[in-house]
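Here is a short note to read beside the sequence and the 3D view. Keep both open, and find each residue as it comes up.

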Amino acid sequence: MEDLKTRLTSNVESPAGSSGTHPPPMTPHHSSLVQPSQKKKRKTKALRVFRSFFRTFPIISPTTCKMGSIPLGIPDSHRTSSGTRVTGTLYGYRKGRVSLSMQETPRCLPTLVVELAMQTNVLQKEMSLGMVRIALECEKRSDKNKRRLMDETLWTLYCNGKKSGYGVKREATEEDLNVMELLKAVSMGAGVLPGNSEVEGPDGELAYMRSHFEHVVGSKDSETLYMLSPDGNNGPELSIFFVRI
C-alpha cells in the first residue's frame, strides 16, 4: 500500500483552504455524508451475458479456499459494461484489523462495512507483491431463511488462498464515519490519518487505501469487487470475492 501513495496522490482533491495533501486529524463531528441512491439500475444485456459466463467458472473444494481458480481480474475494457462502479476503502491501524467500506460515491454513507480478521500491515505486505485476492465465503441457507448475499453477517476469510480467520459485517461506527468524512474529497489514493494515540499509542496512525471498484454481480450467490487501477494494467491487482457455497 505504501508504494501506491506516490502514484495515486494526483487523484486526491485537496479540500479548499488546505495547505497539505493529508486530511486533517480525526475529530468527532456531525457527518455531512449523504444517503446512497435507492435507484435500481436495469440489467443490461452485457451484464446478463457476463453472469452466464461467470457461472461457468469451476468451483472446487481444496483444503484452502473453496471458490476455485477464479481469475484475479478482468480487463478494464470489459469492466465498465459488466458492473457498477463504487468506491472501496480498506483502512485500519497498522497493528489492528483491516476494515472494508463500500460506498456509492465518496460523499455517500457506507452501504457495507466488513471487519476483516487480518492486520493492516499484513495486507500492506501482500499488496506490495502486486497481486491480492481476498475471498469471503459463507454457507448457503435454506430457501426459507435465505437473504441477500451482502446481508450475510459472518464470512470465512481467505487471502491469496490462505485461511486468515473471519470477516464480520457490522454497522458503521463513529470512527468509520469520521474516516469517510475525512476522505470525502479523495477519489483514489493511499496514505495515513492521525489515529487515537490514547488507544493505539504514539505510533497509532490509521493507514488507508481508496480506489474505484467495479462491483460485478455474478449470481445470487456470488459478487465481486475488482479494483480499477489508475495505472491501467501496471498497478497492483486487488479482487474481493463474496461467495455463498
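1. Start with lysine 140. Its relative accessibility is 49%, so lysine 140 counts as partly exposed. Keep in mind that this is a predicted model. The salt-bridge partner of lysine 140 is aspartate 221, and their closest N and O atoms are 3.6 Å apart. Lysine 140 sits in the loop between strand E4 (131–138) and E5, while aspartate 221 sits in the loop between E8 and E9, so the pair ties together parts that are 81 residues apart in sequence. Is aspartate 221 buried or exposed? Aspartate 221 is buried, because its relative accessible area of 9% is under the 20% cut-off.

2. Now take arginine 244. Arginine 244 forms a salt bridge with glutamate 152, and the closest N and O atoms are 2.8 Å apart. Arginine 244 is buried, with a relative accessible area of 4%. Glutamate 152 also counts as buried, at 4% relative accessibility.

3. Which residue forms a salt bridge with both lysine 140 and arginine 244? Aspartate 221 does: it pairs with lysine 140 and with arginine 244. In the pair with arginine 244, the closest N and O atoms are 2.8 Å apart. That pair links distant parts of the chain, with aspartate 221 in the loop between E8 and E9 and arginine 244 in strand E10, 23 residues apart. Salt bridges with shared partners join Lys140, Arg141, Lys146, Glu152, Asp221 and Arg244 into one network. The count for the model is 12 salt bridges.

4. Next comes strand E8. How many of the residues of E8 are buried? The count is 13 of 14, so the strand is mostly covered. E1 and E8 run antiparallel and are joined by 10 bridges. One place to look is arginine 85, whose bridge partner in E8 is glutamate 214. E8 also pairs with strand E9 (residues 222–228) in the antiparallel sense, over 7 bridges. Here valine 217 stands opposite glutamate 223 in E9. A hairpin of 2 residues joins E8 to E9.

5. Look at histidine 212 within E8. Histidine 212 is buried, with a relative accessible area of 18%. Its contacts, leaving out residues up to four places away in sequence, are Arg85, Val86, Thr87, Ser187, Met188, Tyr226, Met227 and Leu228.

6. Strand E7 is another partner of E8: the two pair in the antiparallel sense over 5 bridges. Glycine 191 has tyrosine 208 as its bridge partner in E8, and leucine 193 has leucine 206. Why is E7 described as largely enclosed by the rest of the structure? Because 5 of its 5 residues are buried. Gly189, Gly191 and Leu193 point one way from E7, while Ala190 and Val192 point the other way.

7. Turn to helix H5 (residues 174–182). Its buried residues are Asp176, Asn178, Val179, Met180, Glu181 and Leu182. They pack against five strands to trace in the view: E1 (84–93), E2 (97–103), E3 (112–119), E7 (189–193) and E8 (206–219).

8. Threonine 120 lies in helix H4 (residues 120–128). Threonine 120 is buried, with a relative accessible area of 1%. A polar atom of its side chain lies 3.5 Å from the backbone oxygen of glycine 92. Threonine 120 touches Gly92, Tyr93, Arg94, Gly96, Arg97, Val98 and Ala207, not counting residues up to four places away in sequence.

9. Check the cysteines too. Cysteine 108 counts as buried, at 5% relative accessibility. Cysteine 159 counts as buried, also at 5%. The disulfide count is 0.

10. Last, asparagine 160. Asparagine 160 is not a glycine, yet it has a positive phi of about 55°. It lies in the loop between strand E5 (154–159) and strand E6 (162–169). Asparagine 160 is partly exposed, with a relative accessible area of 30%.

Conventions. Residues are numbered from 1 along each chain as its sequence is written. This is a predicted model: local features need pLDDT of at least 70, side-chain atom pairs count only at pLDDT 80 or more; totals for chains, interfaces and linings use all residues. Side-chain values use heavy atoms; hydrogens and water are left out. Helices (H or I, at least four residues) and strands (E, at least two) are DSSP runs, numbered from the N terminus. Buried means under 20% relative accessible area, exposed over 50%, partly exposed in between (1.4 Å probe, protein chains only). Contact means heavy atoms within 4.5 Å. Two strands pair if DSSP finds at least two bridges between them. A polar contact is a pair of N or O atoms within 3.5 Å; within protein, one must be able to donate a hydrogen and the other to accept it, and residues adjacent in sequence count only if both atoms are side-chain atoms. A disulfide is a pair of cysteine sulfur atoms within 2.5 Å. A salt bridge is a side-chain nitrogen of Lys or Arg within 4 Å of a carboxyl oxygen of Asp or Glu.
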